[in-house]
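Open the model in your viewer and keep the selection tool ready.

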Amino acid sequence: MNSKDFGTAQNRERIYIVCFRKDIDAATFDFPAPSDENFFIRDILEYAPIPSKYYLSEVYLETLRKHKQRHAAAGNGFGVASSSALEYLDRDGRNVFKQLVSYSSPAVVASANGVLFCDLGTEKLVWVNADGEKLDVTPYDEVLTVSMNERGSVALTTAAAGYKGLVSVYDSAGKLLYQWWSGSGYVLDAVLSPDDKQLAVLCAESGGGRLHVLRLDSETERSVTAFPDELPFDLAFLGNDALCAVSQETLTFLTGDGTVKERFVFGDYYLMDYAFGDSFAAVYVSAYRSGGAFSETTQTRGLYYRGVE
């Protein structure tokens, strides 16, 4: 059967298998008859004004772009990724590594042990250690997200046929340590604890977000935390067993076993910016979605939470 024959604006062929209990007469069932009417995208587009709550503000989008492109501190130097070049410089500004590239969505993560550059949505990846030497690491498939902890260990999320994402964990030398395949939700972010013992994965699933916490010495999930009707989009460890997840509506602090310690609801305010520290998170919220003026209706709130060891 093809969905285009049943009132949808898409050409999608599927095989449907219908099973019956013994007490149901299969002869009474008939597949629906296809329609001769064609539907197009223009037939289903909504032309009425869409409420502003369904849009991300330009200010917030710019904040996300800055987070994505920000320079990553790497020991006494730093790494820079652009659409045309990758650079790793020491504290005196000398090039430890430089390579010309053609990237569409460059991203960079770093620690004192090196810098990892990648082109999101592709299999292009360059990992350089503190001496400027390339590590031999090839992504499983297209890179979706990447993070690096203070030790230089990496959680790399890639596409994977038949799954919603694959998270591969590497040590600072580029050795593969652990893999987690997501079958129920699309991976939004994956981070490692500072002590390299736990992996936290944030997924978008039916009905909201879901946080999976796993120990790297076990194939069994330590905890799964649901966020009903809410979609956290960023995640950080604030200690070896303390986590923080941020969405457009809330900031949630929890432990690796899934216990929610604190939950801050923004209410009528819009999230404009945020930052994670070693043991805290700070958010900037405003009564308005756009505009740079600071008024009495604009609030900056710093939310502090000490990591639970």
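Select Gly174 first. Setting aside neighbours within four places in sequence, Gly174 is in contact (heavy atoms within 4.5 Å) with Trp127, Leu135 and Val137. This is a predicted model, where local features need pLDDT of at least 70 and side-chain atom pairs count only at pLDDT 80 or more, while totals for chains, interfaces and linings use all residues. Residues are numbered from 1 along each chain as its sequence is written, and side-chain values use heavy atoms, leaving out hydrogens and water.

Stay on Gly174. The residue sits in the loop between β10 (165-170) and β11 (176-182); strands are DSSP runs of E, at least two residues, numbered from the N terminus. Gly174 is buried, at 13% relative accessible area (buried: under 20%; exposed: over 50%; partly exposed: in between; 1.4 Å probe, protein chains only).

Next, the salt bridges (a side-chain nitrogen of Lys or Arg within 4 Å of a carboxyl oxygen of Asp or Glu). The structure holds 4.

- Select Arg21 and Asp23. Their side chains form a salt bridge at 3.0 Å, N to O. Both residues are exposed.
- Select Arg210 and Glu205. The N to O distance in this salt bridge is 2.9 Å. Arg210 is partly exposed at 28%; Glu205 is buried at 15%.
- Select Glu230 and Arg263. Their salt bridge spans 2.5 Å, N to O. Glu230 lies in the loop between β15 (221-228) and β16 (234-239) and Arg263 in strand β19 (residues 260-265), so the pair ties together parts 33 residues apart in sequence. Glu230 is buried at 7%, whereas Arg263 is partly exposed at 41%.

Methods:
Helices (H or I, at least four residues) and strands (E, at least two) are DSSP runs, numbered from the N terminus.
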